[in-house]
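Reader: I would like to learn how to read pockets, cavities and cores. Can you walk me through them with a worked example?

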Amino acid sequence: MWYDAYRAQVDAITAAARKFYRLRYQMSDGGNLSVRLPDRDLMIVKGTNISFEETCAENLVLCDFDGNVQAGDTAPSKEALLHGALYRSLPEVGAVMHCHSPWATAWAAKHGTLEFSTHHADLKFFHEVPVFDTHSYAVPKEYFPQITGYFQEHPQRNAFLLRGHGQVTMAKDMRKAAYLAELVEETAQIAFLSRLPQE
């Protein structure tokens, strides 16, 4: 029973990673994604320096929320500690997707929030997606309280942008986290296009 649940989670991660590579939301070997194992303080996370295209059962890592490897032949993603902090602080979160999708990353470079651009986005993101500037390619531990505290204060919200770094979405499962990430990218693109000069 436990093994079947584990395999289902592995399949969900692999499918999302391959899809995002095809969409060109995450190229090269960056980005990361993870799922929480039900009723355990453990997560399955992409291995470090593994591309989304290459993600498979053999290079995923099982680790605790402090990044200590329980099973796997590679080190966990550099953002495993951030994922662990999100799971520890937000018990309703079951999956985390982080990618460097171009429109969302570009928006975060010059804005403090990703605000209303469609009614669908407003409904899904509850009015806005915050931008955090952590001044690094991997979120340092000292920024964890700022990020987790925001979502503890706004429990309905489910996404954020990192200046110079990309986007992060959180949901009960990987399928929903991936859908949210697609919507973040679409919302950022529409926000840019809506601000073009009108003829």
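Reader: How do the residues of the lining of the largest pocket divide into nonpolar, polar and charged?

Author: A note before the answer: this is a predicted model. The lining of the largest pocket divides into 11 nonpolar, four polar and five charged residues. The pocket holds about 420 Å³ of space.

Reader: Which residues lie nearest the centre of the largest pocket?

Author: Look for N158, M170, A171, K172 and L180; they lie nearest the centre, out of 20 lining residues. Then ask about secondary structure. Each of α4, β9 and α6 supplies at least two lining residues. Helix α6 gives the most, with four.

Reader: Which residues line the largest cavity?

Author: L114, E115, F116, S117, A121, D122, F125, H127, E128, V129 and T187. Helix α4, residues 119–125, has the largest share of this lining, with three residues. The classes are five nonpolar, three polar and three charged.

Reader: On to cores. Why look for nonpolar residues in the interior?

Author: In soluble globular proteins, nonpolar side chains tend to be buried together. Here, the largest nonpolar core has 38 residues, and I44, M97 and L161 touch the most other members. Helix α6, residues 174–194, gives the most to this core: nine residues. There is also a second, separate core of 24 residues, with C63, F65, L82 and F144 among them.

Reader: How do I read the burial of a helix? Which residues of α3 are buried?

Author: Check which positions are buried, then where they point. In α3, residues 102–110, the buried ones are A104, T105, W107 and A108. They cover an arc of only 160° around the axis, so they sit on the same side of α3.

Reader: What covers the buried residues of α3?

Author: The cover includes strands β6 (113–114), β7 (129–132), β8 (159–162) and β9 (166–171), along with helix α6.

Reader: Last, a loop. Is I50 buried or exposed?

Author: Compare the relative accessible area with the cut-off. I50 has 15%, so I50 is buried, the limit being under 20%. I50 lies in the loop between β2 (42–46) and β3 (60–64).

Reader: What does I50 touch, not counting residues up to four places away in sequence?

Author: D29, T55 and N59, on that count. Also compare sequence with space. I50 and P76 are 26 residues apart in sequence, and 9.8 Å apart in space, C-alpha to C-alpha.

Notes: Residues are numbered from 1 along each chain as its sequence is written. This is a predicted model: local features need pLDDT of at least 70, side-chain atom pairs count only at pLDDT 80 or more; totals for chains, interfaces and linings use all residues. Side-chain values use heavy atoms; hydrogens and water are left out. A nonpolar core is a set of buried Ala, Val, Leu, Ile, Met, Phe, Trp, Tyr and Cys residues joined through side-chain atoms within 4.5 Å. Buried means under 20% relative accessible area, exposed over 50%, partly exposed in between (1.4 Å probe, protein chains only). The arc is that of the directions from the helix axis to the C-beta atoms. Contact means heavy atoms within 4.5 Å. On a 1 Å grid over the protein atoms alone, a cavity is a set of points where a 1.4 Å probe fits but cannot get out, and a pocket is an open set with protein on both sides within 12 Å along at least five of seven lines; lining residues have an atom within 4 Å of a point. Ala, Val, Leu, Ile, Met, Phe, Trp, Tyr, Cys and Pro count as nonpolar, Asp, Glu, Lys and Arg as charged, and the others, Gly among them, as polar. Grid points are joined across faces, edges and corners, and a volume is the space filled by probe spheres set on the points.
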